[in-house]
Amino acid sequence: MMSEVALRDVIKIPESEMVNGSSSNGSLTKPHVETTDENIEIQKKKVSSLVDQRDGTENSGLEGPTPEVEYVESENLKDVEDVECCLKTLLSGLGSKDWVSVCDALNNVRRLSIYHKEAIVCMLSDVISLIVKSLKNPRSALCKTAIMTSADIFKAYNDEIIDSLDPLLVQLLLKSSQDKRFVCEAAESALIALTSSISPLLLLPKLQPYVKNRNPRIRAKASMCISRSVPRLGVEGIQAYGIDNLIQIGASQLSDQLPESRDAARTLLLELQSVYEKSHVPEPTTVSEEPVIASWENYCQSKLSPLSAQAVLRVTNIAREGLVSGL
């Protein structure tokens, strides 16, 4: 049975309120040694829990401290010592139950993709599946290492991974939208590597569904990726993909919840306006007048609802007026 002292300590009842079962003289003292030991154990558990929470996990206080994980930038990664041995243990390492071993295997994937990219082409699909598994892991150190691995894979294999991209893309959009800063920043860097490494004609159809996602942060990250990808298409590429389609995306994001979405939409719409006007240069006339480009306005009004067209024209006209006034 729990003693009165322990009971009082647990439920925080002052001594003055301990009536039933108290000593006859009313002097119920607190055993100094027991309380000190108990507090020490509580503090140990709190410290241990905080150490693991910093890494995205919780601990009962019975395990040792979390091992340190070193995040090595791509340019500082050294080649593997034995390629054949590394390849033999790669998949088993990625699937290990020991998260530190998984981190080591992920860094080996990074090394192989940088120095021996052809060596893992045949197992790339399996490797990506296991990377996705690590991206879903709640342990932040493992998750960040997997994100850095994703970025190196994008840079090494470019369009070759397009068929395996969907699960990676979902996780990176999610991780770039979370509150844990160092994971979020790593995921944003990986998305930049994605948009600069994969052909926009292949990537844009993958990104487009996410601008309608229920999560406003995911919509924002997808919009930012689209606004970075579209200029890489060039004039002919944008026309081939369809300005109609892209202007609908930009217009829908102008009124989105987060400022990142709205900023990305403005960037996209200004790019589309520039491309449209370059490809619709007014025919020369015999009348000596300055050419007035009104076709963009007509185009917006023909393709969008009145409210959306008004919002798009407001954004693009303000930008044009700013450029003219700055001349």
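**From one aspartate to the whole fold**

Let me begin with Asp152, which sits in helix H6. Please keep in mind that this is a predicted model. Is Asp152 buried or exposed? Asp152 is buried, because its relative accessible area is 3% and the cut-off for buried is under 20%. Leaving out residues up to four places away in sequence, Asp152 touches Ser74, Leu77, Arg110, Ser113 and Ile114.

Staying with this part of the chain, the loop between H6 and H7 holds Asn158. Asn158 is not a glycine, yet its phi is positive, at about 50 degrees. As background, most residues other than glycine have a negative phi. Asn158 is partly exposed, with a relative accessible area of 30%.

Now the chain overall. How many helices and strands does the protein chain have? There are 15 helices and 0 strands. The chain has 327 residues, and 41% of them are buried. If we take contacts between residues at least 6 apart in sequence, 66% of these join residues at least 24 apart.

Next, the interior. In general, nonpolar side chains in soluble globular proteins tend to be buried together. Here, the largest nonpolar core has 79 residues. Those with the most contacts inside this core are Ile131, Ile147, Ile161, Leu165, Leu272 and Trp296. Helix H6, residues 140-157, gives the core its largest share, 10 residues.

Apart from neighbours within four places in sequence, Trp296 is in contact with Ile247, Leu269, Leu272, Gln273, Tyr276, Glu277, Val312, Leu313 and Thr316. Trp296 is also one of the buried residues of helix H14, residues 295-303, together with Tyr299 and Cys300. Why are these three said to be on the same side of H14? They cover an arc of only 95 degrees around the axis, and that puts them on the same side.

The structure holds 1 cavity of 30 Å³ or more. The volume of the largest cavity is about 30 Å³. Which residues line the largest cavity? They are Ser223, Ile226, Ile249, Gly250, Gln253, Ala264, Ala265 and Leu268. H10, helix H12 (243-253) and helix H13 (259-279) each supply at least two residues of that lining.

Last, the cysteines. A search of the whole structure finds 0 disulfides. Cys103 counts as buried because its relative accessible area is 4%, against a cut-off of under 20%. Cys225 is buried as well, with a relative accessibility of 0%.

Key
Residues are numbered from 1 along each chain as its sequence is written. This is a predicted model: local features need pLDDT of at least 70, side-chain atom pairs count only at pLDDT 80 or more; totals for chains, interfaces and linings use all residues. Side-chain values use heavy atoms; hydrogens and water are left out. A disulfide is a pair of cysteine sulfur atoms within 2.5 Å. Buried means under 20% relative accessible area, exposed over 50%, partly exposed in between (1.4 Å probe, protein chains only). A nonpolar core is a set of buried Ala, Val, Leu, Ile, Met, Phe, Trp, Tyr and Cys residues joined through side-chain atoms within 4.5 Å. Helices (H or I, at least four residues) and strands (E, at least two) are DSSP runs, numbered from the N terminus. Contact means heavy atoms within 4.5 Å. On a 1 Å grid over the protein atoms alone, a cavity is a set of points where a 1.4 Å probe fits but cannot get out, and a pocket is an open set with protein on both sides within 12 Å along at least five of seven lines; lining residues have an atom within 4 Å of a point. Grid points are joined across faces, edges and corners, and a volume is the space filled by probe spheres set on the points. The arc is that of the directions from the helix axis to the C-beta atoms.
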